[in-house]
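Colleague: Could you walk me through reading rings and helices in a model? I'm new to this.

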Amino acid sequence: MAAESVFIHIIISLSILLFTAKIFAEIFQRIKQPVVLGELLAGIIVGPYALGGLPLFDGQPLVVLDETVKHIGELAAIVILFIAGLEITPREFLRGGAASFTVGALGVIVPFSIGFFVLSLYGLDSFEVLLIATALTATSIAISIQVLTELGKMQSKEARLILGAAIVDDILAIAILSVVVTMVQSGDTTPQIMDVVFLILKILGLFAVLLIGAVFLIPRILHREKLWRSRGSIEGITTAIFFGIAGIAAYVGLSPIVGAFASGMAVASTKLIKQVEEYAHKLQFIFAPLFFAIIGAQVDLRGVNIDVLIIAGIIIAIAIFTKLLGCGLSSMLFLKDKTKSMRVGIGMISRGEVGLIVAGVGVTTGTLSTDIYTSIIIMVAITTIITPIWLKKSYRKELSRDKVT
């Protein structure tokens, strides 16, 4: 009976999160603001740290945010990144390889280095500095993808660069996270440089193998017309494949969203792309708002005080400046356009899952104080909120010209 009660609680929580996300999406659509921002705000408002914390379910909070709900959010992220992968073929991805790698790598190196330097001067504990610097590296690409999709700009040069760079960024950020977590757990703040380099090369190599495998296998599976005759077979097989490859990616130490993205790129090179796209975008109607609502629901601002606001302000300033510097400035080398390069920098500002993971690791190991933990959560929340607003604003003039013509 207890297990059944937990299941009912999860269903009710998901229902409230999805329903509220769609309501807020409608509101934000009508006031001409990014829909994703409404979905995030919906999660914050009805999450367990706000209205969802009211004890309306057998004396428990109305909305629960347990591991099952978070895992559903992770599944939603896999769907979103698979759909993003459908926008770019492997050939197009490799064509922008140098640009993606340069922008993505600097999007990790610059935030980590500047964050480590500035926060060390601030006088924080060395492990706290390491964890905050790590939280500053990753990009929550799902936010930017959703905004670019809303604006119809997914095929633009800057959108392609944001996509490619964010994947490289994510891979490198995961490598750094692996190193830092090992250091925190072992208590060793001086890892061997060669060990770090080897780990990063290993993770990049795993992605390359995963991408090549997906590109080789997926078209050969889907192009068997005689085999897939039942209605929905192509869609069902495609879903099984991208979840499977996401699982393989997670098993070998990558993020599952990297595997989903590679699967999307592989499908993009098949003649079934239109059929799969039509189906995948219907999945997005449900999974995207659910994902962003669950991310929003994880924001807990109850521990805010003046000390938290000061350190959070410093971290947020570093978070914004370093992505604009590392990603925006380096994009000028490839796009030769100040406005488009600025958009790349803006599109990479949003943190998200990795920032939350780092905060969680810090709390679990006892490395982060409550104030620093709350500051990281605020940084993730603020960067996640400002990115869609700023990105949409950067396209305002271009969108007005498109309407006129």
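**Rings and helices**

Modeller: Phe292 has 0% relative accessibility, so Phe292 counts as buried (under 20% relative accessible area; exposed is over 50%, partly exposed in between, with a 1.4 Å probe and protein chains only). This is a predicted model, where local features need pLDDT of at least 70, side-chain atom pairs count only at pLDDT 80 or more, and totals for chains, interfaces and linings use all residues. Residues are numbered from 1 along each chain as its sequence is written, and side-chain values use heavy atoms, leaving out hydrogens and water.

Colleague: How many aromatic pairs does a search of the whole structure find?

Modeller: Rings of Phe, Tyr and Trp (its six-membered ring) pair if their centres lie within 6.5 Å; planes under 30 degrees apart are stacked, over 60 edge-to-face, the rest tilted. Here the search finds four pairs. One is stacked: Phe112 and Phe116, 6.3 Å centre to centre with 15 degrees between the planes. For Phe291 and Phe292, the centres are 5.0 Å apart and the planes at 70 degrees, so that pair is edge-to-face. Phe291 is buried too, at 3% relative accessibility.

Colleague: At what angle do the axes of α10 and α11 cross?

Modeller: Helices are DSSP runs (H or I, at least four residues), numbered from the N terminus. Axes are lines fitted to C-alpha atoms over the stretch in contact, with angles from 0 to 180 degrees between N-to-C directions. Helix α10 (residues 233-251) and helix α11 (residues 256-268) have axes that come within 7 Å and cross at roughly 140 degrees.

Notes. Helix = DSSP H or I, 4+ residues; strand = E, 2+ residues; numbered from the N terminus.
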